[in-house]
Every structure is written in C-alpha cells, then in structure tokens.
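The sequence and structure are shown first.

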Amino acid sequence: MKTLFLYSILFILSTGISVAKTIETCATCKVKTIKGAIEIASESDTIFIRKGIYKEFNIDVSKPLVVIGEHYPVIDGELKGEIFRITADNVTLDGLFIINVGTSYTEDFSAVRVVKSKNFVIKNLVLENLFFGIYIEKSSFGKVFHNKIIGDAKEEFNSGNGIQLWYSHHVEVDKNIITHVRDGIYLEFADHCSITNNISTDNVRYGLHFMFSNDATYEKNNFQNNGAGVAVMFSKRIEMYHNIFHGNWGTASYGLLLKEINDSKIKGNIFKENTTGINIEGSNRVTYTFNTFEKNGWAIKSRGACYTNIFSDNNFLYNTFDLSYNSKLNDNVFKNNYWSDYSGYDLNKDGIGDVPHKPVKLFSYVANRTPEAIILLRSLFIDIIDFSEKVSPVFTPNNLEDTSPKMNRIAYDRN
Amino acid sequence: MFKILKYSFFDLIRSRWSYVYFAFFLLLGYVLLFLNNDVSKAVITLMNVIIILVPLMGTMFGVMYFYNSKEFTELLLAQPLNRTSIFIGQYLGVAISLSLSLIIGLGIPFLAYGIFKSEAILDFLLLLVTGGFLTFIFTAISFYIGLSNENRIKGFGYAILFWLFMAVIYDGLFLISLILFEEYPLDTFSLIASMVNPIDLSRILILLKLDISALLGYTGAVFQKFFGTHWGLIVSLGLLTLWVIIPVFLIRKKALKKDF
C-alpha cells in the first residue's frame with residue numbers, strides 16, 4: 001500500500017494533474033480484468049495489477065496510462081494472439097510476466113506491440129513462450145529497459161524476434177536480456193536509437209540485426225553464441241563501443257558482419273572465438289580502434305569495395321588468420337596495432353617494431369583465390385610456404401602492412 | 001612367423017630407440033597437457049605432431065632396422081623357414097613396437113589428465129588409430145624400399161624422399177593444381193586428392209572432428225558430408241588399410257623373388 005501511495009504521488013507530481021486515480025485489478029477486486037480496468041480508466045490513471053493469473057489477450061492500451069504489476073502477475077495469452085497493444089502516447093508498462101503469445105505468419109503477433117505512440121516506457125517485463133517479443137512500430141521517444149525475453153525458437157522460419165524496432169526513432173533499449181529467439185534485437189528504418197547494456201545470447205539467427213538505421217549507438221552489449229552473430233547493414237554514422245562478440249562459431253557465423261556501413265566508429269569491442277571476427281563488405285570511412293580480436297578463425301575478413309577505413313591500436317591475438325583481403329588495399333590504413341604473430345624487433349625501445357608487419361598470410365591469400373585450398377589447413381607444406389613468404393614476401397600485396405606495429409599488447413580501459 | 005615377430009618385437013622393445021621414441025611421446029603429452037590443461041586443445045597440437053612425425057619415424061625406423069638386421073635375416077634365410085614369415089614377421093615386429101610406443105606414450109599422460117571424463121575421448125582415439133595406421137603404412141613402405149635397394153645410402157635416400165613427398169611435396173602439387181584449375185569445380189577433385197595420400201587423409205579426418213573445421217567453410221561442408229557419415233569413415237579406414245596391405249603384398253612378392 002505504501003509503494004502504491006508513493007507511485008500515485010510520483011505520478012501526480014510528474015504529470016501535474018491532480019485528478020489521476022489508481023485502479024486496482026485482482027481476482028477479488030471490483031475490477032477483475034485488465035481490459036475492464038482500461039475501459040473505466042481515464043487519461044493518466046494508474047492501473048495496478050495484483051499478483052495472479054490473467055488469461056487475456058488483445059489488450060488495447062488506447063489511453064495514456066501507467067500499467068504496473070505487483071510481484072509479476074502472469075498475463076497468459078493462451079496462444080490466442082497478441083497480448084498488449086499500445087496505441088496511445090505516454091504509456092508505461094511495468095513489472096508483468098507475459099506468456100503464451102500466439103503464432104501468426106501474417107500478423108506477427110507479439111507480447112507487446114507499440115503502434116504510433118510517443119514517450120512510451122516498457123520496463124521490467126518477463127516474456128516467455130512468445131512469437132515476437134516487444135514490437136515497436138512507427139513510434140518514437142520511448143524506452144525499453146530491464147526486460148527479460150526467453151524464447152524457445154528452434155528454426156528461423158517459424159520464430160519471431162525479441163525486440164523489434166520498425167520505422168521508429170529515438171528509442172532507448174537498455175539492460176535487456178534476450179535469449180532463444182530468432183533475432184535478439186532487430187531494427188529496420190529506426191534512426192537515432194541507442195542500444196546499450198543488453199545481453200543477447202543463443203539466438204537462432206542474429207544477436208543484433210539492423211538495416212537502414214542511421215545515427216545509432218550500440219554500447220556495452222554482449223552478443224554470445226548466436227547462430228550467425230551480429231549483422232548490420234546499409235546504415236550510416238553508427239557508433240559501436242565496448243561490445244562483446246563471443247562464441248559465434250559455425251561455417252556461416254560472424255562476430256560482426258558489416259555491409260554498406262559508412263562513417264562509423266567501432267571502438268573498444270572484444271571479438272573472441274568467432275569463426276570470423278568482422279566481415280566487412282562495402283564499408284567506407286569506418287574507424288576501428290582499441291578492439292581486441294582473440295582466438296578467432298579470421299579476425300578481419302575484408303571483401304572489397306572498402307575505402308578510407310582506419311584500423312589502429314587494435315590487439316590481434318592468436319587468430320588462425322589475422323586478416324583476409326580479397327581486393328586491393330585501396331586507401332585503408334593499418335597502423336599501431338599489436339599482432340601476436342609479429343616477429344620483428346625494436347632496437348630503439350620505443351615500443352614500436354622497426355620492421356613492418358604483414359598481416360596477410362600467403363595461405364590466407366591463396367585460400368581467398370581458391371576456396372578449396374582451405375582443405376590444406378594445418379598441413380606442413382602450408383606452414384613452410386607461410387614462413388618463406390614471411391621472410392621474403394613475393395605474392396602478398398606489399399603495401400598491405402602495418403608500418404608501426406606495437407611491441408606490447410595495447411591496454412584499454414573499456415569503462 | 002609368430003616366432004620371428006616375437007623375436008623382432010622383443011629385440012626392438014629392448015633397444016634404446018624404442019625407449020627414446022616412447023619417452024618423446026610421454027614427454028610431449030605431459031608438456032602439452034601441462035601447458036594448457038585442456039585435453040581437446042592438446043589433441044589439435046598433437047595432430048600436427050602425429051601426421052608429420054609418426055610417418056617420419058616409421059620410415060626411419062623401418063629402413064634402419066631392415067639394414068641393421070640384414071645379416072641376421074640372411075642367417076634366418078639359411079634355415080628351413082618360409083620367406084614370407086621371415087619378412088612379414090620382422091615388419092610386424094617393428095610396426096607393432098612403434099605403435100605401442102606411440103599409444104602407451106601418449107596414453108599415459110592423457111589418462112592421467114582424465115581423457116575418459118573428457119568429451120575429446122573419441123578425437124583422441126581417432127588420433128591414436130590414425131597414428132597406428134600411419135606407422136604401419138610407412139614402416140611397410142620403408143621395408144619395401146630396403147628390400148629393393150642393396151645400397152644403404154640409396155635406400156635411406158629413397159625412404160626419406162618418399163616421406164618428404166607424402167608430407168610436403170604432395171600438398172604443394174595439390175595446391176598448384178587447385179590454383180591452375182580454379183575455374184573448374186574442384187570439390188570432388190580435392191576430396192579424391194586428399195583421400196589418396198594417407199597423411200592428408202589422416203589430417204582431414206582429425207580436422208573435421210575438431211572445432212576448427214568451421215574454418216573450412218563450404219569446402220569443409222562437402223568434406224563433412226562425406227566423412228561425417230559411416231560410409232565415409234568406412235571408406236577412409238578402408239583406404240588406410242589398403243595403404244598397409246599393398247606394401248605388405250609388395251614386400252612378400254619381392255621377398256619371394258629376391259636372390260640373396
């Protein structure tokens with residue numbers, strides 16, 4: 001009762017309207033269903049849902065309301081369809097346990113759908129047994145935070161995404177945990193969004209997937225063990241800081257797949273144990289700094305049509321191949337990186353190797369030309385030609401080198 | 001044959017080189033496990049050692065033993081003994097003692113580090129099986145080379161050359177032909193080419209079992225599709241067996257005809 005009182009006070013203070021009231025919903029209350037509560041509520045009211053099980057679906061929140069659950073009341077959709085649909089501005093959903101969303105291939109049923117709304121807040125929800133989780137459509141200036149989405153997706157074609165933003169802008173997605181859905185977080189035509197502190201793991205397809213979403217910030221997220229890693233495409237001015245891409249392992253998996261990403265910054269990320277750390281295609285003016293690539297199959301695979309990219313101050317540690325390049329270097333620059341493979345020396349002790357480092361191994365170059373040659377991986381012959389190429393480069397493009405390789409691992413404070 | 005096998009076997013078991021070979025694997029196993037304590041990672045490193053060193057050792061031991069015991073062999077030939085049993089007995093003696101050094105030498109450290117509790121047990125077994133096969137194959141071939149060449153220097157030369165060809169040169173030719181014919185579909189070609197050479201076949205069999213196989217991309221997928229099935233495993237083990245049987249048959253043929 002005390003918290004309830006506090007909530008009401010806060011709400012009254014924040015809106016400045018003194019007529020807002022609180023409607024309680026429970027099995028023994030006057031109002032027994034959420035739909036009923038919404039019906040009798042007027043604008044800016046608070047609906048307080050007591051602990052219990054509510055078998056409801058297609059709940060349309062069409063008024064600016066605050067819907068709060070006490071001790072996670074269960075909203076069970078019984079697989080009949082969509083559960084919450086928010087169509088008004090200034091709606092808050094807080095502390096609900098939503099289960100059993102219906103599956104539809106024509107309507108994309110979701111646990112919570114926000115349609116053409118502004119200033120929405122969706123927090124502290126737990127979603128289970130779902131098709132789509134939180135689907136934000138043509139909405140803006142909202143927050144999605146501290147939610148937990150646990151799916152049971154097995155295949156791509158019959159599963160939905162955890163958090164999906166579509167034609168929305170200025171949305172903050174923070175501290176969510178998403179697992180076992182198709183794409184953990186999916187953005188399409190969603191500009192100026194910030195995706196921070198999320199944990200997206202074990203998803204069938206991508207941990208994070210976005211297209212045509214400009215000016216976004218991705219910070220301190222953790223993408224692990226996703227079917228295909230993270231794919232970002234056709235976007236400009238993206239900032240990816242301090243994320244972790246880990247364990248995305250499989251023949252068609254990437255830590256991070258960049259396609260047509262321009263004018264972006266990728267800084268302080270950790271790429272560990274992915275088949276390919278970053279796969280880059282047609283991306284221009286991107287700076288990669290202070291990233292750590294550790295124990296990947298390929299740390300960076302560059303597929304061409306990339307111009308004016310700068311790779312500096314990164315750590316390349318114990319990758320099978322540090323770099324694979326299948327086009328000309330163009331005007332891309334590698335400088336001041338630390339390469340665990342570097343075998344040069346530093347006579348003047350300034351911390352920078354005196355001999356340039358060539359990150360493309362001959363075998364990596366050959367395997368790019370003739371993919372079948374990869375079958376000779378770990379053969380003695382390959383080790384011998386790699387070594388001889390290192391001593392006297394003949395085949396690998398000679399301008400593709402780091403002229404100032406660091407002698408020691410680059411320390412970087414990710415906080 | 002069994003008597004000669006036994007004699008050769010115990011002769012080798014008592015020899016210093018067997019102990020060195022055994023101690024090498026024992027030490028290698030312990031050092032690898034000590035350094036990273038991860039059984040499955042140790043298996044990857046061991047693979048490199050096994051597919052290169054085991055054939056080399058088989059070749060060297062085989063040809064050395066053959067030439068060293070030549071006088072004794074001639075003495076045996078003067079006795080009323082079957083020629084086949086003399087040579088095959090000696091061959092089996094060498095091959096079995098080498099395989100035992102390998103299996104026991106690697107087995108002890110891995111047992112001590114709990115291979116039975118690890119998921120890598122099957123990979124490790126495959127490693128030992130291919131190691132055993134490679135020993136038998138390369139010892140047989142070196143015996144044949146020894147039989148065919150009276151001149152020790154020539155015999156050694158051929159034996160080393162054969163190892164070099166299988167371990168290094170073959171892959172070079174393979175790579176060159178892949179690059180030359182890169183415009184053609186090469187999946188089947190590379191599949192066959194890698195199955196013909198026992199060293200390549202062993203390498204790929206082990207590689208496909210490890211995590212690293214994800215790096216092989218779609219070529220790997222073609223290989224996985226073949227080797228991943230029972231049929232593929234049977235074919236590859238059959239091929240390895242064939243690589244043992246053919247040289248043994250040749251030894252027998254040569255031994256029966258040779259004029260000592």
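The side chain of B:Lys258 reaches the backbone oxygen of B:Leu147 at 2.8 Å. A polar contact of 2.7 Å also joins the side chains of B:Lys258 and B:Glu150. A polar contact here is a pair of N or O atoms within 3.5 Å; within protein, one atom must be able to donate a hydrogen and the other to accept it, and residues adjacent in sequence count only if both atoms are side-chain atoms. B:Lys258 itself lies in the segment after α11 (230–257) of chain B. Helices (H or I, at least four residues) and strands (E, at least two) are DSSP runs, numbered from the N terminus. Because its relative accessibility is 15%, B:Lys258 counts as buried; buried means under 20% relative accessible area, exposed over 50%, and partly exposed in between (1.4 Å probe, protein chains only). Apart from neighbours within four places in sequence, B:Lys258 is in contact with B:Arg83, B:Leu147 and B:Glu150, contact meaning heavy atoms within 4.5 Å.

The model is predicted: local features need pLDDT of at least 70, side-chain atom pairs count only at pLDDT 80 or more, and totals for chains, interfaces and linings use all residues. Residues are numbered from 1 along each chain as its sequence is written, chains are lettered from A and ligands numbered from 1 in the order in which they are written, and side-chain values use heavy atoms, with hydrogens and water left out.

**The interface of the two chains**

Between the chains, 29 residues of chain B are in contact with 24 residues of chain A. The buried area is about 2500 Å², of which carbon and sulfur atoms give 72%; this is the accessible area (1.4 Å probe) that two parts lose on being put together, summed over both. On the side of chain B, the residues B:Leu175, B:Ala214 and B:Leu215 lose the most area to chain A, together 25% of what that side buries.

Five residue pairs are in polar contact across this interface (both at pLDDT 80 or more). On chain B, at least two residues each come from α3 (39–68), α7 (152–180), α8 (187–196), α9 (198–209) and α10 (217–227). The largest share, eight residues, is supplied by α7(B). By class, the side of chain B that touches chain A has 19 nonpolar, five polar and five charged residues. In this grouping Ala, Val, Leu, Ile, Met, Phe, Trp, Tyr, Cys and Pro count as nonpolar, Asp, Glu, Lys and Arg as charged, and the others, Gly among them, as polar.

In α3 (residues 362–369) of chain A, the residues A:Leu362, A:Phe363, A:Ser364, A:Val366 and A:Ala367 are buried. The buried residues of α3(A) pack against β37 (321–325) and α4 (380–391) of chain A together with α7 of chain B.

**Salt bridges**

A salt bridge is a side-chain nitrogen of Lys or Arg within 4 Å of a carboxyl oxygen of Asp or Glu. The structure holds 20 of them over all chains, and the count between chain B and chain A is one. Some examples follow.

| B:Glu182 | A:Arg369 | 3.1 Å |

A:Asp313 sits in the loop between β35 (310–312) and β36 (315–317) of chain A, and A:Lys406 in the segment after α4 of chain A, 93 residues apart. A:Asp313 is buried, because its relative accessible area is 14%. Salt bridges that share partners also join A:Glu82, A:Arg85, A:Arg113 and A:Glu137 into one network.

**An enclosed strand of chain A**

Which residues of strand β10 (residues 110–115) of chain A are buried? Six of the six are, so the strand is largely enclosed by the rest of the structure. Strand β7 (residues 84–86) of chain A pairs with β10(A) in the parallel sense over three bridges, where two strands pair if DSSP finds at least two bridges between them. A:Val114 of β10(A) is the bridge partner of A:Ile86. Strand β13 (residues 132–137) of chain A also runs parallel to β10(A), joined by five bridges. In β13(A), A:Phe132 is the bridge partner of A:Ser110.
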